[in-house]
Amino acid sequence: MDTNGSINEKDIFEEFGQPLEVGDSWYLISVSWVNNWKNHAGIDDSSGENPGQIDNSRLFEENSDTLREHLLEESEYMLIPAECWKKLVHIYGIPEGQKPICRKVIETGTFSKQTTVEIYPPCISMKQHDGDGQITKENFSRVALIGDIHKRMKEIFGIPVEQTTRLYIEDSSENSLDDKFSMEKAGVGPTSVVVIEKQNDNKTWPRSTIAPPSYTEATTSTSSTLSKYNTKNSNSSSFSSSNGSHNTRYSSNNTYRSYRDTPGICGLSNLGNTCFMNSAIQCLSNVSPLTMYFYENKYIKELNRTNPIGMRGKLAETYATLIHDIWSGNHSSVSPREFKYKVSSFAPQFSGYQQHDSQELMAFLIDGLHEDLNRIDNKPYVELKDSAGRPDYDVAIEAWKNHLRRNDSIIVDMFHGLFKSTIVCPDCDRVSVTFDPFGYLPLPLPKAKDRMIPCTFFPRDAKKPVTKYNVTVSKDGCIRDLCKALAKQTETEENELIVTDVYNYRFYKIYRGSESIGNYTDRDNLFVFQIGFDEEVENDANEQEEEEKLEYARVVMRQCSSAHGMRLFAHPFLIPVKSGVTTYRKLYNSILAAVSRYVKQEYKENIKMLSELKRCELNESIGSDVDGNEVGDTNKEDEMEDETQWFKLVTINSFGTTVYKELKDNDEPIKFTGDVYFSAEWDSATCEEYAEENWSDTFKNDESMNKTGNKDKGINLQKCMEFFTTPEKLGKEDLWYCPKCKDHKQATKKFDLWTLPPVLIIHLKRFSYTRWSRDKIGTYVDFPTRDLDLSDFIINPAKSKWHEQKKRYNLIGVSNHYGGMGGGHYTAYCRNYKDGKWYYFDDSSVTESSEDKVKTKAAYMLMYQRQDIEEWVNKEGDDDFNFLESMVSPRSCHVRGFDFNMSEKKREQLLNGNDSNLSNCGEEEMDTS
């Protein structure tokens with residue numbers, strides 16, 4: 001460690017905010033260490049101990065140099081520029097053997113560019129065709145070219161450069177990968193096995209060529225499947241189109257199921273943390289009118305390739321190809337590599353192979369398909385007007401008409417509804433009313449005010465057992481609140497307790513009382529030690545005074561290992577000491593008293609040393625009684641000096657890897673400072689003879705450990721809607737500009753429903769994000785699978801005239817999220833509109849389920865379909881369905897069997913939102929009611 005004062009550490013912190021430049025190196029650094037460093041360096045006008053060496057061990061898998069999966073930026077790690085890293089290492093150093101975590105800045109996206117630091121470069125599995133089957137793994141950047149991998153594989157497998165070779169993905173029907181493609185475009189990810197194949201002397205290839213089925217064969221196969229399950233007559237062919245064939249690029253697994261002929265019962269391969277995408281696709285795929293629209297190629301005549309904010313029709317085409325594969329009935333699962341590549345090209349936030357949010361992917365997909373299919377070629381400028389006291393009827397009509405002037409697609413027809421937003425100024429009471437289109441309904445969940453934190457408590461009295469407690473504290477509280485709650489449970493004093501985080505047999509962190517509970521994560525392992533004070537601390541004493549009165553030594557356990565030398569084991573201890581008084585022998589006795597809990601029973605009773613320890617109180621080990629008089633049996637102490645010591649004491653670094661000096665067994669008081677650690681150095685034979693096995697796990701569970709927090713009675717969807725429509729005060733970062741006060745105000749905002757779309761997506765907002773913490777709300781939500789009716793929350797007066805089937809919805813899909821914030825797994829329940837059965841989709845696996853199983857605590861996104869749509873789907877040969885009437889496009893002359901050879905006046909009415917359905921949005925019925 002170099003404490004060279006020539007480097008201004010506050011300047012280092014200022015440099016953290018440098019912009020990203022492609023090719024630059026950035027380093028991951030533990031947020032916990034950075035917070036301690038900021039306190040020490042006075043960056044936040046605070047003070048703290050020297051943070052020690054830069055400790056990133058919590059970012060790695062245990063006993064590994066592999067980065068842990070699903071790390072959370074700003075919560076677990078920060079990214080800092082290379083120069084900042086070098087300066088901090090120069091001052092503080094890094095532990096011996098711990099590798100710096102260096103990552104490169106890359107540019108992702110094809111049409112929408114984005115620079116990002118690649119935290120998890122994909123690890124690719126590689127092997128040789130007709131080789132010994134041995135797989136070699138290596139990390140490559142996701143923007144690396146296939147040619148780079150090709151060159152590297154030749155080196156790995158010792159293939160001459162001049163030898164003609166090709167690469168292919170194992171279990172894929174594609175013959176070879178294009179060297180000019182990036183990994184992402186070629187569909188190479190963490191789950192891929194890339195195989196290198198050498199060309200034969202006669203210019204052929206050993207691998208049998210597997211040609212994809214011809215277009216005619218695919219059409220024939222699909223047509224027979226459709227005829228078996230067709231629920232309505234269609235005037236269009238299944239696959240053929242005027243602009244060419246769908247020559248699929250989706251790798252398929254053709255292991256047929258017993259129900260293989262049922263369209264839609266098809267899994268999606270996980271390409272590497274793509275379960276979020278698979279879950280969203282399965283839910284959207286089971287929206288029957290939309291799937292029919294794509295499967296029957298109605299979308300082709302509506303492609304908008306000139307929309308500047310669209311994707312040139314590419315996203316819609318790729319989605320259509322995937323829908324053809326899923327609903328062909330020919331595959332038990334397909335690999336959506338091309339779809340993943342297209343999504344990443346247009347939305348770089350989804351590039352790579354990190355976990356994402358299924359709802360965010362759904363929102364992008366809905367919006368992207370809309371822009372690719374938007375019937376408006378030239379979007380007119382539309383001035384947004386405030387209500388200005390006008391009736392809701394007029395404002396709603398104007399808002400929806402303006403929306404349709406710029407946005408008109410099957411997505412709008414099916415997924416867009418209308419909110420009423422009311423904002424009230426807190427000072428002048430001005431009321432602003434707007435009507436805003438929406439594509440999904442984001443419902444808040446009641447957030448628990450408390451959280452339950454497990455803590456292992458170490459009483460000062462070594463005769464009392466170590467006990468594990470569940471401690472309930474406010475989510476907005478601090479460590480001092482945790483101590484207060486635990487003190488009540490353990491009948492101790494809160495100012496005697498020190499909270500630590502133990503990881504890899506050592507102290508990873510010692511918390512200050514003022515630190516937020518939000519800094520605690522489920523991965524933390526809290527050990528709380530009861531430490532005595534040499535005098536009573538007044539209740540109104542500040543934290544700094546309390547900590548100055550509190551003295552303790554940080555002690556780790558090490559033992560000799562023939563394979564690894566001295567290594568850490570068991571768990572560390574905080575030992576009460578007194579500077580200027582505690583000697584080697586007194587510290588030794590205190591440590592021995594602490595570990596006596598784990599000594600084998602026969603030695604507790606028979607060993608002379610332990611007999612003496614039973615009479616040794618902690619005040620003796622500190623060196624004074626309550627009156628400050630020196631106590632202790634010096635004769636016994638002299639007698640003990642002749643005994644064989646179980647361990648010796650040394651000072652050591654915080655990682656337990658470097659010994660500074662061996663302490664001498666004399667009467668000189670030990671000097672204790674905040675950055676000094678002690679180690680009890682055990683001989684392995686002594687440890688094995690006297691101590692219990694796994695003694696670091698020897699603790700009892702308090703009855704509070706049987707609790708799982710406040711019993712989750714759950715909440716119903718009705719209650720979530722009440723939360724959604726309750727007025728709320730805007731945050732200080734989201735102020736509203738009041739035109740009357742001419743200032744930004746913390747106004748009150750309220751949402752109401754005006755109309756709901758035919759297909760309603762409900763997003764249960766389980767994830768809570770703040771600047772300091774991230775949390776998942778695991779509350780069970782009870783939602784109906786049939787007859788959902790939200791009429792009570794619709795304020796449109798026309799609702800009384802709506803047909804009952806246009807008020808009620810049936811559930812068709814659920815996107816599930818299992819696990820916590822740090823990753824988790826997505827699956828889906830979907831009801832197949834062909835056979836009416838429920839199925840459970842878990843990536844490539846599909847199993848039949850039932851309606852009573854779809855309601856779980858994992859439900860994250862709900863897909864509802866209006867009942868009149870289901871009636872339409874089930875009607876044989878009936879193409880007359882009014883909710884699709886607005887599917888009019890200058891590029892389309894025939895969509896879903898409707899005759900759009902209508903008058904220009906009618907077409908203009910529909911395009912401009914002036915049709916009869918729309919004009920009744922305030923009195924009778926709106927098109928998307």
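1. How are α7 and α11 oriented to each other? In this predicted model, the axes of helix α7 (residues 275-285) and helix α11 (residues 358-372) come within 8 Å and cross at roughly 50 degrees. The two helices, α7 and α11, are therefore oblique to each other. Here angles under 35 degrees count as roughly parallel, over 145 as roughly antiparallel, 65 to 115 as roughly perpendicular and the rest as oblique. Axes are lines fitted to C-alpha atoms, for helices over the stretch in contact, with angles running from 0 to 180 degrees between N-to-C directions.

2. Conventions. Local features of this predicted model need pLDDT of at least 70 and side-chain atom pairs pLDDT 80 or more, while totals for chains, interfaces and linings use all residues. Residues are numbered from 1 along each chain as its sequence is written, and side-chain values use heavy atoms, without hydrogens and water.

3. Overall composition. The chain holds 25 helices and 42 strands, taken as DSSP runs numbered from the N terminus (helices H or I, at least four residues; strands E, at least two). Of its 929 residues, 53% count as buried (under 20% relative accessible area; exposed is over 50%, partly exposed in between, with a 1.4 Å probe and protein chains only). Among contacts (heavy atoms within 4.5 Å) between residues at least 6 apart in sequence, 72% join residues at least 24 apart.

4. On the α7 side, F276, M277, A280, C283 and L284 meet S358, L361, M362, L365, I366 and L369 of α11. By class, this contact of α7 with α11 has 10 nonpolar, 1 polar and no charged residues. The classes are nonpolar (Ala, Val, Leu, Ile, Met, Phe, Trp, Tyr, Cys and Pro), charged (Asp, Glu, Lys and Arg) and polar (the others, Gly among them).

5. The pair α9 and α10. Helix α9 and helix α10 (residues 337-346) pack at an angle of about 160 degrees, with axes 9 Å apart; α9 and α10 are therefore roughly antiparallel. K314, L315, T318, Y319 and L322 of α9 make the contact with E338, F339, K342, V343 and F346 of α10. By class, the contact of α9 with α10 has 6 nonpolar, 1 polar and 3 charged residues.

6. Nonpolar cores. A nonpolar core is a set of buried Ala, Val, Leu, Ile, Met, Phe, Trp, Tyr and Cys residues joined through side-chain atoms within 4.5 Å. The largest has 62 residues, and L284, L290, F294 and F415 have the most contacts inside it. Leaving aside neighbours within four places in sequence, F294 is in contact with Y299, A316, Y319, A320, I323, H324, L369 and L373. Another core, of 43 residues, lies apart from the largest one and includes V502, I531, F647 and I652.

7. In helix α2 (residues 31-41), 8 of the 11 residues are buried, so the helix is largely enclosed by the rest of the structure. The buried residues are V31, S32, W33, V34, W37, K38, N39 and A41. Their cover includes α1 (9-14), β1 (25-30), β2 (77-81), α3 (82-92) and β18.

8. Backbone points to check. R312, not a glycine, has a positive phi of about 60 degrees; R312 lies in the loop between α8 (288-295) and α9 (314-326) and is partly exposed, with a relative accessible area of 45%. Y505 also has a positive phi, near 70 degrees. Y505 sits in the loop between β17 (497-503) and β18 (506-510), and is partly exposed at 34% relative accessibility.
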